[in-house]
Amino acid sequence: MSDAFYIGGVGLSAQQLALDTIANNITNMSTHGFKRDTVQFAALVGDGRDNGAAAATAHGVVPSLQHTLDRQGDIEVTGNAMDLAIDGVGFIEVVGARGQSFAWRGGSLEVTADGWLAAPGGMVLRAMINVPYDATDLNIASDGTVSAALADDGEVTLGSISLLRVGQSDVVDRLDGGFYSLEDSGFVQSSLPGEDGLGQLVQGSLEQSNVDLNDEMVSLMIVQRAYAANAKVVQAADEVLSLANNLRR
Amino acid sequence: MGDLLDIASVALSASQNQLQRISHNVSNASTTGYKRAVGLFDSVSLHTANLGQSPAVGRRDMSPAALRSTGNPFDLAISGEGMFLIRGGSGLELTRNGQFQRRDDGAVVGIGGGVLQFRRGGDVIVGDGDFEVLVDGMVLDDGAPIGFIGVGDGGVAGEHSSSAGVHFAYSPAVDGEPLSGSVRQGFVETSNTRLELETIEMMAAVRQAELASRLVQTYDALVGQASTAFGRGV
């Protein structure tokens, strides 16, 4: 069977993945803290030298998905004291129901029934900040220090939130709600906001997604054309086979 | 003399089997939880002719498909690894199809009447109050937890056999194992049929059949010439 046939098929699948990725990015355009995915294409080469071929043979393309964790989204001021955004590099560590660590890019904080400061869904912050019952105001400084104003006009420091350095090269799984699983990423460095090149916390703001609609639209057009070109390759290979089959009338 | 004709007919049958498998995949392009059949391209020769190979036998592509939101509380989907355990007419089965409904006696049944089972066995029976399933598979009947659903695939995904691509044979290796994926309420998993791949495989099968039929025609012409030439000599 013609190689061009199957290579065209591999190309179609790769462009399909790119299309799905663009669709997911556009769907999450308004999701706070969302980091868009990009698809990287790499040539797939089969080494035919073992079978006596002169050189490695082309076998199509391998697509790989990458999260753009290092790209900052715009900071939008909401004025809500429970909204937290990160300006710069870094993720907040939260703890799941079974004690596993997740990285979170900030968003709307909540206080659980036991008084713990948590991300949506009851994911308590690793910093273990317990907010007193009679606290009226919560204050989060840009260096991570959390303090609360009490009803009797006192102020108490509750703790500090540190940031994890999770970058492009780390292997993370994206989960629901903007959490990233750190299961397979090995040792992750943790520091205070503002140190070691990490970003700062901005209270009262939310980080918008880093999806640029113009980029996505251009990518969409390119993917469409690439898909059509691959389909043309498959059609051409099919016609060639038809010619071969009909050599003898 | 018959060898050439038989080999050509075996080639035609192989193409026909591929087309059968492809049409099975395409007709299930909208079936919830369907896993497409992958062709097994073993060498086809007269001596190992697998003429009897039906699309029922063969490997299933267990890759996950996209989830579709329906909003129905009895529609469940598994995102990631794991399967639902159900009790069908012929025993325990595994499936990714999460379209359930509540029967009059309270049992949660899927399409085909299979009863949803807890992770450690036993029918899932709920009242007519709120039915809620949490992400880790915990079932809440009107707010009260009654057990976990969804089992891990025991590391043997892809080796489960299936006749129709929706229900898979149960294996004791999955007994009681929690799933590492998450259960989503209000979603169903669509079919993982890849129409572009099916089209390409169909085109390849058609070209193969075309060439095989050319062989038969050529052979027929040869035999015709031979018998005419020899006949003239008499």
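This is a short tour of a predicted model, moving from a nonpolar core in chain A to the contact between chains A and B.

**Stop one: the core of chain A**

Start by selecting I92(A), V94(A), W104(A), L125(A), I161(A) and L201(A). In the largest nonpolar core, which has 23 residues, these six touch the most other members.

Next, centre the view on I161(A) and show what surrounds it. Setting aside neighbours within four places in sequence, I161(A) is in contact with L84(A), I92(A), L125(A), A127(A), I129(A) and I140(A), and also with D143(A), G144(A), V146(A), L192(A), P193(A) and L201(A).

As general background, nonpolar side chains in soluble globular proteins tend to be buried together.

**Stop two: S191(A)**

Return to chain A and pick S191(A), which sits in strand β17 (residues 190-191). Is S191(A) buried or exposed? S191(A) counts as buried because its relative accessibility is 8%, and the cut-off for buried is under 20%. Show the side chain of Q189(A) too: a polar contact of 3.5 Å links it to the side chain of S191(A). Leaving out residues up to four places away in sequence, S191(A) also touches S162(A), L163(A), D196(A) and L198(A).

**Stop three: where chain B meets chain A**

Zoom out and display both chains. Chain A brings 18 residues to the contact and chain B brings 15. Between them about 1,500 Å² is buried, with carbon and sulfur atoms giving 55% of that area. On chain B, select I200(B), R207(B) and R214(B): together they supply 40% of the area this chain buries against chain A, more than any other three residues.

Six residue pairs between the chains are in polar contact, both partners being at pLDDT 80 or more.

Finally, highlight helix α2 (residues 195-233) of chain B. With 12 residues, this helix gives the most to the side of chain B that touches chain A. Colour that side by class and you will find seven charged, six nonpolar and two polar residues.

Conventions:
Residues are numbered from 1 along each chain as its sequence is written. Chains are lettered from A and ligands numbered from 1 in the order in which they are written. This is a predicted model: local features need pLDDT of at least 70, side-chain atom pairs count only at pLDDT 80 or more; totals for chains, interfaces and linings use all residues. Side-chain values use heavy atoms; hydrogens and water are left out. A nonpolar core is a set of buried Ala, Val, Leu, Ile, Met, Phe, Trp, Tyr and Cys residues joined through side-chain atoms within 4.5 Å. Buried means under 20% relative accessible area, exposed over 50%, partly exposed in between (1.4 Å probe, protein chains only). Contact means heavy atoms within 4.5 Å. Helices (H or I, at least four residues) and strands (E, at least two) are DSSP runs, numbered from the N terminus. A polar contact is a pair of N or O atoms within 3.5 Å; within protein, one must be able to donate a hydrogen and the other to accept it, and residues adjacent in sequence count only if both atoms are side-chain atoms. Buried area is the accessible area (1.4 Å probe) that two parts lose on being put together, summed over both. Ala, Val, Leu, Ile, Met, Phe, Trp, Tyr, Cys and Pro count as nonpolar, Asp, Glu, Lys and Arg as charged, and the others, Gly among them, as polar.
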